[in-house]
Amino acid sequence: MIKIEKLSKTYGQGDGQVVALEPLDQTINEGEFVSIIGPSGCGKSTLLRLIANLEAPTSGRVTLETAGLKRPVGFVFQDAVLLPWKSVADNIRFPLDTSGVPRKLADEKVKELVELVGLKGFEKSLPKQLSGGMRQRAAIARALADDPPILLMDEPFSAVDLLTRETLNDELSRIWQKTGKTILLVTHSVEEAAYLGSRVMVMSPRPGRLKVTYEVDLPLPRGECTKRDPKFLDLVSELRTLMREMTS
Amino acid sequence: MFLKAIIGLVGIAVLWGVAVPIFDVPHYLLPGPIEVAERIIFLFQRGDLAWHIYVTLSEVFGGFILGAVVGIAAALVFSRFPIVERVLTPLILLLQTIPKIAIAPLLLLWLGLGASPKVALVAVVTFFPVMTAMLSGIRYMNKSYSDLSVVLRLSPWQRFWHIELPAAIPTLFAGATVATTLAMTAAVIGELMGANKGMGFVLATGQENADTATVMGMVILLSFVGWALFAILDYGRRRVEDRFL
Amino acid sequence: MKGRIKPVLEYSGALLVLVAAWWYVSGPMGMPAYLLPSPASVGSLLWDMILSGKLWPHLAFTVQNILIGLIVGTVFGVLLAYMFFKTPSLSDYLEGPLVVIQTAPKIAIAPLIIIWFGLGLTAKIVLIFSLVFFPVFAGALAGFRSIDSRLHDLALLMNLSRTQRFLRIDLPAALPGIFVGIKIGAIQALVGAILAEWMSGSDGLGYLMTFATATYKTPLLFGAVLMTAFLGLAMHAILNEIEARYLAWSTPDEQ
Ligand SMILES: Nc1ncnc2c1ncn2[C@@H]1O[C@H](COP(=O)(O)OP(=O)(O)OP(=O)(O)O)[C@@H](O)[C@H]1O
Ligand SMILES: [Mg+2]
């Protein structure tokens, strides 16, 4: 469970102040998949960074039920943030290496993840030898490596080609259902938000604030037929209209 | 480029070899290149030049490693505790600006004529460029890397070993490359000021005996050793940059 | 002005800490005086030497050699760099050897110069000169090479004579690079001066050091070391001041 109480964030001081997030209250239950959408600059990244404790809130607080764990959250950054001096496999294994998982076990896990994100054959490559999308896929694999109970993803698929993106969407959905992780996904695609989420949070810009949340009431597992479901199509068009209003 | 450089070097040697007989320069002032080469070979054959080179190199390496380790550690402390850096910066700048040659006689006084004062002097001159390089490596490190280490809740040691040290390696190499030249100079100064072994000692003995061929040979040898150390590090630096950037 | 006072305070603070540490080690911690004389004894010795006029000749000797070597070395370094800049074929062939020289411990030629020029003043100045020459040369060459190509066009358009072009465009434009070389050269000059005095002669701070070491006059050794350190700090401060005053145009304004 993630409990967000009166959470707000203001960057800078004096004249240069930017209110990135107005006070926000939300409770996200264990096993939920929350999609977050909103125009650029509305504080989506800020929200995730606050939850991950990468940023100190200006007011309010975030309570994680996983707070006692060594790593309460997993995070996929907006840009891949692979370590350029480590190969793809070493990057993916990094969270395991740094938490004392035996090498053999870790290698098995890496092999599985490499296949999952479709990077087979690139295990020994260095990040600079990969395309932007491939790097992002490696970063996703790394975030999944030590099986975090809460997974925060900041536009993880924006640099990935459409076909791979759909595959990864389906994989993510499957992983979520299988493991019961709590997932927060920031995305710019309303289809993706509706397709994956059990709830969609829509944020509005300047100052960043939560506009509405939708409970997505589509049957699981999601798949090709979800995309033809009238309820899905309705939700997508409603979200799209909302986004249009905000950006115009 | 490389070929032309070699032509340049050979050209200088030929000019030197031709000029000596033409202008009839007395040998005790300027021996020809062949005479100098023969003297170096003789010194090797007599058996102790290799040992002197070994002595100097081990002073350079010992001091270099000592200075680099302390420099890296200091940079780490400064980056973790900015307050320590704030307080110590004037002191460090002051010590950095003091000409290191002023410290040399004190080291000789305290540590004697053996290898330790040279090692200490080399360590001192190595410390500053390495410390500065490491600090700027950490400071200008991609901010996302420190985010990653927060998300993964890395221990301070893991953070240093897996993130900060490798991220700083390019700048560290640049700093270390600067430091090699300083380190060689420091070792030679130490040996010239007081020693009973090492390349600087051979050099000083040559001067006392007015043995120009030995002195010139040692100068040339030292130049190449200095250049070789520099070239090795420079090569390492380029490899690292090619690999990661 | 306010920006000036803070660093002065900070430096004085740092200096005070150093002296306090020195006092502590030599006094309460009980380091023997032949290894570490107390700040007071060194201070009073220096004071006596200043009053009796025994210090000035040595200090002046060192400073004078450094100045002469620095000036001559700078002039020759800049001129040769300009020659290299104007004749690229020359630099193609000679740059390799110059790289070797640049990374070499140049101080090693001190004994050679003593053999060539004897134990007197000439040898010292020649040594300082050759130590200053290379960094200035390298800095100047880099400076000339990084001149904005539009300035070359300007010189062509204005139909400047060779000397005019050198004095009015190339030299000023390369000054920042030259100055980088001079700053390195100045440190080298000090090192060369002290080492040469240490190795031969009977004048200068370096001589004071070797004399004090040989006769176990530790306070005198510390006095000479302190004077050398102050000389280095003073040179650094003066060069920084010159740079701030005359080369302000070359550094991008902060903000
Ligand atoms: N470190 C920072 N310092 C100052 N302002 C910041 C900082 N980070 C973000 N901001 C500001 O906070 C606001 C929200 O930024 P945030 O990155 O959370 O937006 P976003 O919704 O993730 O946008 P995008 O979709 O483009 O990624 C923006 O106006 C931004 O300028
Ligand atoms: Mg963002």
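The legends below describe close-up views of a predicted model.

**View 1. The magnesium ion (ligand 2) and the residues that coordinate it.**
Two side-chain atoms, OG of A:Ser45 and OE1 of A:Gln78, coordinate the ion at 1.9 to 2.7 Å. A:Ser45 belongs to helix α1 (residues 44-51) of chain A, while A:Gln78 sits in the loop between β5 (73-76) and α2 (88-97) of chain A, so the pair ties together parts that are 33 residues apart in sequence. A:Ser45 is partly exposed, with a relative accessibility of 23%. A:Gln78 is also partly exposed, and its relative accessible area is 39%.

**View 2. A:Val81, a residue with a positive phi.**
A:Val81 is found in the loop between β5 and α2 of chain A. Its phi is about 55°, a positive value, although A:Val81 is not a glycine. A:Val81 counts as buried because its relative accessibility is 9%, and buried means under 20%.

**View 3. A:Asp147, a residue other than glycine with a positive phi.**
The phi of A:Asp147 is near 55°. This residue lies in the loop between α4 and β6 (150-154) of chain A. With 45% relative accessibility, A:Asp147 counts as partly exposed.

**View 4. The cis peptide bond between A:Leu220 and A:Pro221.**
Omega of this bond is about -10°. A:Pro221 is placed in the loop between β9 (209-215) and α7 (224-228) of chain A.

**View 5. The largest cavity, with about 110 Å³ of space.**
The structure has four cavities of 30 Å³ or more. The largest cavity is lined by 16 residues, and those closest to its centre are A:Phe75, A:Arg142, A:Ala143, B:Val151 and B:Leu152. Two or more lining residues come from each of β5 and α4 (132-145) of chain A and α7 (143-151) of chain B. The most, four residues, come from β5(A). Sorted by class, the lining has 12 nonpolar, one polar and three charged residues.

**View 6. The second largest cavity, with a volume of about 50 Å³.**
Residues lining this cavity include A:Leu116, A:Val117, A:Ile140, A:Leu144 and A:Glu171. The elements α4 and α5 (162-179) of chain A each give two or more residues to the lining, and α5(A) gives the most, with four. Nine of the lining residues are nonpolar, none is polar and one is charged. Domain 1 (2-72 + 149-247) and domain 2 (82-147) of chain A both contribute to the lining, so the cavity lies between them.

**View 7. The second largest pocket, with a volume of about 1,200 Å³.**
This pocket has 36 lining residues, of which B:Ile12, B:Val219, B:Ile220, C:Ile101 and C:Phe134 are the closest to its centre. Chain B gives two or more residues to the lining from each of α1 (2-22), α2 (33-45) and α10 (212-244). By class, 33 of the lining residues are nonpolar, two are polar and one is charged.

Chain A and chain C do not touch, and their nearest C-alpha atoms are 15 Å apart.

Notes. Residues are numbered from 1 along each chain as its sequence is written. Chains are lettered from A and ligands numbered from 1 in the order in which they are written. This is a predicted model: local features need pLDDT of at least 70, side-chain atom pairs count only at pLDDT 80 or more; totals for chains, interfaces and linings use all residues. Side-chain values use heavy atoms; hydrogens and water are left out. Donors are N, O and S atoms within 2.8 Å of the metal (3.2 Å for Na, K and Ca); water is not among the atoms, so sites may look incomplete. Buried means under 20% relative accessible area, exposed over 50%, partly exposed in between (1.4 Å probe, protein chains only). On a 1 Å grid over the protein atoms alone, a cavity is a set of points where a 1.4 Å probe fits but cannot get out, and a pocket is an open set with protein on both sides within 12 Å along at least five of seven lines; lining residues have an atom within 4 Å of a point. Grid points are joined across faces, edges and corners, and a volume is the space filled by probe spheres set on the points. Ala, Val, Leu, Ile, Met, Phe, Trp, Tyr, Cys and Pro count as nonpolar, Asp, Glu, Lys and Arg as charged, and the others, Gly among them, as polar. Domain bounds come from an automatic or database domain assignment. Contact means heavy atoms within 4.5 Å.
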